[in-house]
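Here are some questions and answers on how side chains pack in a protein model. Look at the model first, then read on.

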Amino acid sequence: MSTEGAIKPPAKQLLAPCSGTPCIYYEVKVERLWEKVETTQDGTKTVKGSDTLDTLKGGAIFGVDDGSGALQIDVTRGADFDNYKDDYKKELNGRGWASQIQFGELSFDVPVISDDEKYTIGFKATEKYVPVEGNLFVLGKIEGGKIVKPGWRSL
């Protein structure tokens, strides 16, 4: 089933966790920033990198009105979008002994990091979300009166 039309806001407002922006879907990638010292034939050098700690995802049940009435769309189990906004990126400097870090409205529990080679120098959060306004094309399957992500492909 496919449809295209204006997004109708969800009955229960969904907020992107870092920015607090109303949305229909979000993803937040939280990364550990690290550096390590490597010994080469030319001496030692410091190498920087990052590891993904977690990717938080959330979705809502909302409507898409194609002019004949709104169809319910359920993205609580995920979806693929090509109209993400990514207004929120933040890096926090500091070592890895903090048990909780704050990115805007999001409190993130830092897992225990035991890595003898890499030293934590900070953390980074990148939030992307799909806003509640605009038009949307939806392709999925009907389940329980809503268009949902099929098990065999993306929504």
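A charge sits over a ring if NZ of Lys or CZ of Arg is within 6 Å of the ring centre and within 35 degrees of the ring normal. The model is predicted, so local features need pLDDT of at least 70 and side-chain atom pairs count only at pLDDT 80 or more, while totals for chains, interfaces and linings use all residues. Residues are numbered from 1 along each chain as its sequence is written, and side-chain values use heavy atoms, with hydrogens and water left out.

Q: Over the ring of which residue does the charged end of lysine 128 sit?
A: The charged end of lysine 128 is 4.4 Å from the centre of the ring in question. That ring belongs to tyrosine 84.

Q: Are the rings of tyrosine 25 and phenylalanine 81 stacked, tilted or edge-to-face?
A: Rings of Phe, Tyr and Trp (its six-membered ring) pair if their centres lie within 6.5 Å; planes under 30 degrees apart count as stacked, over 60 as edge-to-face and the rest as tilted. Here the centres are 5.3 Å apart and the planes are at 35°, so the pair is tilted.

Q: How many residues apart in sequence are the parts that tyrosine 25 and phenylalanine 81 tie together?
A: Strands (E, at least two residues) and helices (H or I, at least four) are DSSP runs, numbered from the N terminus. Tyrosine 25 lies in strand E3, and phenylalanine 81 lies in the loop between strand E6 (70–74) and strand E7 (85–93). The pair therefore ties together parts whose separation in sequence is 56 residues.

Q: Is tyrosine 84 buried, partly exposed or exposed?
A: Buried means under 20% relative accessible area, exposed over 50%, and partly exposed in between (1.4 Å probe, protein chains only). The relative accessible area of tyrosine 84 is 23%, so tyrosine 84 is partly exposed.

Q: How many disulfides does the structure hold?
A: A disulfide is a pair of cysteine sulfur atoms within 2.5 Å. The sulfur of cysteine 23 is 11 Å from the closest cysteine sulfur, in cysteine 18, which is too far for a bond. The number of disulfides in the structure is zero.
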